Amino acid sequence: MSVGIVMLVHTALNRAEQAARHWAAGGCPVVIHVDKMVDRKTYDAFANALSGVPNVEFSTRFKCEWGTWGIVAASQAASELMLSKFSFVRHVYLASGSCLPLRPVDELVEYLEARPRTDFIESATTSDVPWTVGGLDAERFTLRFPFSWKRHRLLFDRYVQIQRKLKLKRRVPNGLVPHMGSQWWCLTRQTLSAILQDPDRAVYDAYFKRVWIPDESYFQTLSRQYSTNIESRSLTLSKFDFQGKPHIFYDDHLQLLRRSDCFVARKIWPHADRLYEAFLTDTAGAMKRTEPNPGKIDRIFAKAVERRTRGRPGLYMQSRFPNEDWENGVTAAPYSVFQGFAELFENFEPWLAKATGARVHGHLFAPDRVRFADGRETIHGALSDSALVRDNNPSGFLTNLIWNTRGERQCFQFGPADTQIINWRMAKDHNAQISVISGAWSVPLFKSNLNFIDIRKQAALLQKIESEHLDVLRSPFSKARVRIWSMAEFIEAPMEPLQGILDEIGPQHARRLSEVPKMVDLSGFGQFLQNLKNQGMHPYLMGDFPVDRGPEGASKPPRKPYLVQ
């Protein structure tokens, strides 16, 4: 009793030759099918190289295109030749030219000898497992697919749409229950011969010729008709990524493949010299005899898929850069945004830097230039203070700033006079901590020496911009840590909000307030707001600032300035 190896080869014929010699040296007869799309000269050279190797045969060639019947026809022809030529074969193992034996051949033979009536083939109904990625599941059995998905994508899609619109459905012959699974199986002679010699084979073949990707369903379905003992698993380690494409193993996967304990793995990179040398020639380094368990490395593949699809927080990559909200965290670390504080407090930025130990910038999104801390023109990551460069990609600017300064807390000022295109980006960033004193933008106007009509126009514009920004921050889609105070509300009791800000920045920076910034003199601010109202504007974002009036409407002397005690 022995194991026969059916090899489907279409590329890297030198590696296929190496694998065929290894199988044959281990006592396994080998039948090779070479894709008909391989030119005759290359095929002849390959066949001549193996002509002197005993028990190696070549089957009738078929054109093998992904997703089409040719791959099944090739498997059938090679299997028929195997069963007729080598009567001592009890199991037939289907492999590809890119498959690599991971354990000595005699271990596979002994393993199958102990299970003489077991068929190893992944076989499950479409309703049982969500294996299909970016394709069809149940419809691949009920619609017709006469066009190649790779060469005639438009015709393929249009024909599917037409069948759906007309509600055309195929009848599955003889009550078969379609099953799907890995193409790479190992069947007993009894089961395989029953499939190939079935009186209704012509009916089944005609049906599966118009099934999409029949190599993943033909043997998987028909083996259920004849097998007495199916283990729904493949003895070949074959992993697929989140797009349904097979993982390729390289030299640095050597230890990973050893840990799998599997007999065979695919796909192996043709230039992985270290893998071919280790597994085909280094018998001393062979893996220990144990049950194949590809699940042992599933955790590693899951982490690889997560890294590929989600990436590292705050670091963009090709697979998710063009897609909104695909990022695994907008930025790499927490940061703080202050709106209205620098306008309300004198020397707020130096005070905050001293109180927290963080790097405190000015208005990073000011329209004229980027105001880095300490008046710098550049910062880590070669970020310049050019507003033109920043505004070419404001989101990228913020992301790069936080990434290149991770480990150091970043704080910066923001306001309605700044570039607003960054609003949503910050609001949807769970790393952002945004503190807003609404209406504080009016303090510089109050202190300015502009004509009042110009003040009114600018105040109306800034209030409109800030109001829209506050709507963004209050949106249910906002993920940032947001705190909003009206200006009147804040100055009534500023100590608690300021202490909360220090606590929010982090335990390593948290401390009790001992020195506080001085608030600007707001004497006459209430009358300033009233003057805006008298000019037809409604300054509502500041809160309620009452105006003290005399008995005949004359203003009383202004109250003392608001100071933090």
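How many of the residues of strand β1 (residues 2-9) are buried?

Reply: Eight of the eight residues of β1 are buried, so the strand is mostly covered. Before going on, please keep in mind that this is a predicted model, in which local features need pLDDT of at least 70 and side-chain atom pairs count only at pLDDT 80 or more, while totals for chains, interfaces and linings use all residues. Residues are numbered from 1 along each chain as its sequence is written, and side-chain values use heavy atoms, with hydrogens and water left out.

A residue is called buried when its relative accessible area is under 20%, exposed when it is over 50%, and partly exposed in between, for a 1.4 Å probe and protein chains only. Strands (E, at least two residues) and helices (H or I, at least four residues) are DSSP runs, numbered from the N terminus.

In β1, Ser 2, Gly 4, Val 6 and Leu 8 point one way, Val 3, Ile 5, Met 7 and Val 9 point the other way, and all are buried. Strands of a sheet pair through backbone hydrogen bonds, either parallel or antiparallel. Two strands are said to pair if DSSP finds at least two bridges between them. Strand β1 is joined by seven bridges to strand β4 (residues 89-96), which runs parallel to it, and Val 6 stands opposite Leu 94 of β4. With strand β2 (residues 30-34), β1 also pairs in the parallel sense, over five bridges, and there the bridge partner of Leu 8 is His 33.

Another sheet has a mixed pairing: three strands form an open sheet in the order β5-β10-β9. Strands β5 (100-101) and β9 (236-238) stand at its edges with a single partner strand each, so one side of each is left without a neighbour in the sheet. Strand β5 pairs with β10 (residues 264-266) in the antiparallel sense over two bridges, and Pro 101 has Val 264 of β10 as its bridge partner.

Turning to helices, α9 (residues 218-226) has as its buried residues Tyr 218, Phe 219, Gln 220, Thr 221, Leu 222 and Ser 223. The buried residues of α9 pack against α3 (70-85), β7 (186-188), α7 (189-196), α8 and β8 (230-231). Of these partners, α7 packs against α9 at an angle of about 110°, with the two axes 9 Å apart; axes are lines fitted to C-alpha atoms, for helices over the stretch in contact, and angles run from 0 to 180 degrees between N-to-C directions. That makes α7 roughly perpendicular to α9, since angles of 65 to 115 degrees are counted that way, whereas those under 35 count as roughly parallel, those over 145 as roughly antiparallel and the rest as oblique. The contact (heavy atoms within 4.5 Å) is made by Thr 191, Leu 192, Ala 194 and Ile 195 of α7 and by Tyr 218, Phe 219, Leu 222, Ser 223 and Tyr 226 of α9.

Asp 205 is buried, with a relative accessible area of 10%, and its side chain makes a polar contact with the side chain of Tyr 218 (2.7 Å). A polar contact is a pair of N or O atoms within 3.5 Å; within protein, one must be able to donate a hydrogen and the other to accept it, and residues adjacent in sequence count only if both atoms are side-chain atoms. Leaving aside neighbours within four places in sequence, Asp 205 is in contact with Trp 69, Gln 76 and Tyr 218.

Phe 412 and Phe 372 are 40 residues apart in sequence and 8.5 Å apart in space, C-alpha to C-alpha.

Finally, the whole protein has 22 helices and 19 strands, and buried residues make up 50% of its 565 residues.
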